[in-house]
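User: I would like to learn how to read helix packing and ring pairs in a model. Can we work through one case together?

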Amino acid sequence: MDQMDETTFKEELVAHLDMVYRFAHSVTRGNKAEAEDLVHDTLERAIRYRASFSPAKGTMKQWLFRILTNLHSTKAQKSSREPSTPNETIEAKLPPAKDATENLADRISLREVVHSLQDKFRLPIILHYLEGHSCSSVAETLGLSLSAVKVRLLRGRKEIQNKLKEPRR
């Protein structure tokens, strides 16, 4: 059976809602409003294009994560073309307000380091290590080759290690 009935489809959507939200929260670097918008857009697109889902091609979770990833990439491309205000640019570059004498390793959490990674490293790290996807599942979800995923995981881990080892400023 290549298609699932509407009731089963909706039950599957609801069953994956928490995972989709968690992933959206990670993808948006913890921005709750953006994550909620992204989940809403993902579900809207999944329902609209329900006929394109086929269990033979992959799991519902992979399909939803792929939709979410594509939507996020599209929004990121659009926002990179929009000029930002000087205050937004400055605030984005400022470190969190903390005691300047604290060690960087004490100041920055692993989550902040992961969120600071470029999307091409951050998304595979989140999918593989936080969401528990296999490398082949990450490759399918992100539309990459298996070797590209493994390279991005390796480089992402190295970047995390380097950021955690940075000396105090």
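User: At what angle do α8 and helix α9 pack, and how far apart are their axes?

Analyst: This is a predicted model. The general idea comes first. Two packed helices are described by the angle between their axes and the distance between the axes. Here α8 and α9 (residues 146-165) pack at about 105°, with axes 8 Å apart. Angles of 65 to 115 degrees count as roughly perpendicular, and α8 and α9 are therefore roughly perpendicular to each other.

User: Which residues of α8 and α9 make the contact?

Analyst: From α8 come Cys-135, Ser-136, Val-138 and Ala-139. From α9 come Leu-146, Val-149, Lys-150 and Leu-153. By class, the contact of α8 with α9 has six nonpolar residues, one polar and one charged.

User: How do the axes of α7 and α8 cross?

Analyst: The axes of α7 (residues 119-130) and α8 (residues 135-142) come within 9 Å and cross at roughly 135°. That makes α7 and α8 oblique to each other. The crossing of α7 past α8 is right-handed.

User: Which residues meet there, and what are their classes?

Analyst: Leu-123, Pro-124, Leu-127 and His-128 are the α7 side. They meet Cys-135, Val-138, Thr-141 and Leu-142 of α8. The contact of α7 with α8 has six nonpolar, two polar and no charged residues. An α-helix has 3.6 residues a turn, so residues three or four places apart point the same way.

User: How many residues of α8 are buried, and which ones?

Analyst: Six of the eight residues of α8 are buried, so read α8 as mostly covered, with under 20% relative accessible area as the cut-off for each buried residue. They are Cys-135, Ser-137, Val-138, Ala-139, Thr-141 and Leu-142. Across the protein chain, 33% of the 169 residues count as buried. Just after α8, Gly-143 has a positive phi of about 70°.

User: Now the rings. How many aromatic pairs are there?

Analyst: The structure holds four aromatic pairs. One of them joins Phe-9 and Phe-53, with ring centres 6.5 Å apart and planes at 55°, so the pair is tilted. Phe-9 lies in helix α1 (residues 6-27). Phe-53 sits in the loop between α2 (32-48) and α3 (60-81), so the pair ties together parts 44 residues apart in sequence.

User: Are Phe-9 and Phe-53 buried or exposed?

Analyst: Phe-9 is buried, at 2% relative accessible area. Phe-53 is buried too, at 4%.

User: What kind of pair do Phe-9 and Trp-63 form?

Analyst: Plane angles over 60 degrees count as edge-to-face. The rings of Phe-9 and Trp-63 have planes at 65° and centres 6.1 Å apart, so the pair is edge-to-face. This pair links distant parts of the chain: Phe-9 is in helix α1 and Trp-63 in helix α3, 54 residues apart. Trp-63 counts as buried, at 15% relative accessibility. Ring pairs link Phe-9, Phe-53 and Trp-63 into a cluster.

User: How many helices and strands does the protein chain have?

Analyst: The protein chain has nine helices and zero strands.

Note on methods:
Residues numbered from 1 in each chain as written. Predicted model: local features only at pLDDT ≥ 70, side-chain atom pairs only at ≥ 80, totals over all residues. Heavy atoms only, no water. Axes fitted to C-alpha atoms, helices over the stretch in contact; angles between N-to-C directions. Helix = DSSP H or I, 4+ residues; strand = E, 2+ residues; numbered from the N terminus. Parallel < 35°, antiparallel > 145°, perpendicular 65-115°, else oblique. Left-handed = near helix turned anticlockwise from the far one by under 90°. Contact = heavy atoms within 4.5 Å. Nonpolar A, V, L, I, M, F, W, Y, C, P; charged D, E, K, R; others polar. Phe/Tyr/Trp six-rings, centres within 6.5 Å; stacked < 30°, edge-to-face > 60°. Buried < 20%, exposed > 50% of the residue type's maximum accessible area, 1.4 Å probe, protein only.
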